[in-house]
Amino acid sequence: MLFFVGSLILSTFLDAYSIKLIPILATLFVFGRIAFWIGYLKDRRDRAFGLGVTLYATIAVLIYDAYRVVFFNS
């Protein structure tokens with residue numbers, strides 16, 4: 001849910017050239033969820049890679065959104 005909301009907010013800040021980041025980030029997020037699921041089926045400790053990919057993409061989007069809202073909203 002956080003990634004979806006963050007991507008929606010991010011899409012309002014990007015210009016026509018940079019909007020290509022949205023499908024790239026969405027693909028990375030889906031890849032991370034699939035890796036998490038496969039790792040979870042093998043062993044619960046093997047889900048770390050998928051969790052990391054998903055978490056870092058989400059955090060990067062949310063930090064950039066917060067930065068744009070705080071520093072460029074005036």
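This is a predicted model: local features need pLDDT of at least 70, side-chain atom pairs count only at pLDDT 80 or more; totals for chains, interfaces and linings use all residues.
Let me start with R45, which counts as exposed because its relative accessibility is 68%, where exposed means over 50% relative accessible area, buried under 20% and partly exposed in between, with a 1.4 Å probe and protein chains only. Residues are numbered from 1 along each chain as its sequence is written, and side-chain values use heavy atoms, with hydrogens and water left out.

R45 forms a salt bridge with D43, and the closest N and O atoms are 2.9 Å apart; the term requires a side-chain nitrogen of Lys or Arg within 4 Å of a carboxyl oxygen of Asp or Glu. By that rule the count comes to 1 salt bridge.

Now to the helices, which are DSSP runs of H or I with at least four residues, numbered from the N terminus. Helix α2, residues 21-42, packs with α3 at an angle of about 150 degrees, their axes being 6 Å apart; axes here are lines fitted to C-alpha atoms over the stretch in contact, and angles run from 0 to 180 degrees between N-to-C directions. The two helices, α2 and α3, are therefore roughly antiparallel to each other, a term for angles over 145 degrees.

Finally, Y64 lies in helix α3, which spans residues 48-71, and Y64 counts as partly exposed because its relative accessibility is 31%.

Note on methods: Angles under 35 degrees count as roughly parallel, over 145 as roughly antiparallel, 65 to 115 as roughly perpendicular and the rest as oblique.
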